[in-house]
Amino acid sequence: MVAGRVSDVSQLTRDELARDPLWVARSLLGCELRADGADGPVAVRLVEVEAYRGTDDPASHCYRGRTERNAVMFGPAGHLYVYFVYGMHFCINVVCLQDGVPGAVLLRAGEVVEGAEIARARRPAARKEAQLASGPARLAGVLGITREHNGIDLTDPNSPIRLYAGSQVAEDDIRSGPRVGVSTATELPWRSWVDGSESVSSYRRGGRRRTRARA
């Protein structure tokens, strides 16, 4: 499935994202995330995501309540929640649900649909184009997203990072399974991906020694 050009599709609204993360996660597949940097724009078509709730999800950053670090996850919906993991990587999430109720979708992988040369310069170790944004850290890297972008409003037309509707993925082309790297709530099939996309990341089970709570 080929994504439409950013100029041909509509930017997602806050109301469209103020829903249950499980619903939003599946609806984000096929959408395009665009980041405008000093060296030019890069856009990716989202092909893998994970849903996270709040106090009812032990794998969530918000399971134990609100902190300075996770405050963005409590809304409003449509903002970007960025966190630093393992002392080296950034992960990016789209905040969901109504204001005051925590929830988000972790963006795990995408296909670069614009700005491939810039993406390759940012990820020179990638052996092929499908690997440029395969995995949450790589996705953040090719888009140039860091902690300084935490809280950015993806629904604002003037924002340097914006989320567009893209091309819808058929339900028959969506697969679901356990979330990657979590050590609790491992039975929940809250990871969704586009079947057949070479950019979908490899599945890795979580372990208590290495795994931290995700979005």
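## Gly166 and its surroundings

Leaving aside neighbours within four places in sequence, Gly166 is in contact with Val9, Gly30, Cys31 and Glu32. Contact here means heavy atoms within 4.5 Å. Gly166 sits in the loop between β6 (161-164) and β7 (174-177). Helices (H or I, at least four residues) and strands (E, at least two) are DSSP runs, numbered from the N terminus. Gly166 counts as buried because its relative accessibility is 19%. Buried means under 20% relative accessible area, exposed over 50%, and partly exposed in between, with a 1.4 Å probe and protein chains only. Gly166 and Leu28 are 138 residues apart in sequence, yet 8.9 Å apart in space, C-alpha to C-alpha.

This is a predicted model, in which local features need pLDDT of at least 70, side-chain atom pairs count only at pLDDT 80 or more, and totals for chains, interfaces and linings use all residues. Residues are numbered from 1 along each chain as its sequence is written, and side-chain values use heavy atoms, with hydrogens and water left out.

## Two nonpolar cores

In soluble globular proteins, nonpolar side chains tend to be buried together. The largest nonpolar core in this model has 46 residues. Such a core is a set of buried Ala, Val, Leu, Ile, Met, Phe, Trp, Tyr and Cys residues joined through side-chain atoms within 4.5 Å. The residues with the most contacts inside the largest core are Leu28, Leu33, Val44, Ile92, Leu107, Leu143 and Leu163. Strand β2 (residues 40-52) gives the most to this core, with 6 residues. A second, separate core has 14 residues, including Cys62, Met73, Tyr81 and Val182.

Which residues does Val44 contact, leaving aside its neighbours within four places in sequence? Among them are Cys31, Glu32 and Leu33. Gly110, Glu111, Val112 and Val113 are also in contact with Val44.

Two elements give two or more residues to the lining: α1 (14-17) and α2 (21-28). Helix α2 gives the most, with 3 residues. The lining divides into 8 nonpolar, 2 polar and 3 charged residues. For this count, Ala, Val, Leu, Ile, Met, Phe, Trp, Tyr, Cys and Pro are nonpolar, Asp, Glu, Lys and Arg are charged, and the others, Gly among them, are polar.

Glu50 lies in strand β2. Is Glu50 buried or exposed? Glu50 is buried, because its relative accessible area is 0%. Its side chain makes a polar contact with the side chain of Tyr52, at 2.7 Å. A polar contact is a pair of N or O atoms within 3.5 Å; within protein, one must be able to donate a hydrogen and the other to accept it, and residues adjacent in sequence count only if both atoms are side-chain atoms. A polar atom of the Glu50 side chain also lies 2.6 Å from the backbone nitrogen of Val180. Beyond four places in sequence, the contacts of Glu50 include Ala104, Arg108, Arg179, Trp190 and Arg191.

His79 is found in the loop between β2 and β3 (80-85). His79 counts as buried because its relative accessibility is 17%. A polar atom of its side chain lies 2.7 Å from the backbone oxygen of Gly151. Beyond four places in sequence, the contacts of His79 include Arg14, Val72, Asn93 and Asp153.

## Backbone and loop details

The peptide bond from Gly75 to Pro76 is cis, with omega near 5°. Pro76 is in the loop between β2 and β3. Leu97 is not a glycine, but has a positive phi of about 65°. Leu97 lies in the loop between β4 (89-95) and β5 (104-114). Ala185 also has a positive phi, of about 55°, although it is not a glycine. Ala185 lies in the loop between β7 and β8 (191-194).

Asp172 lies in the loop between β6 and β7. Asp172 counts as exposed because its relative accessibility is 65%. Asp172 and Asp195 are 23 residues apart in sequence and 8.6 Å apart in space, C-alpha to C-alpha.
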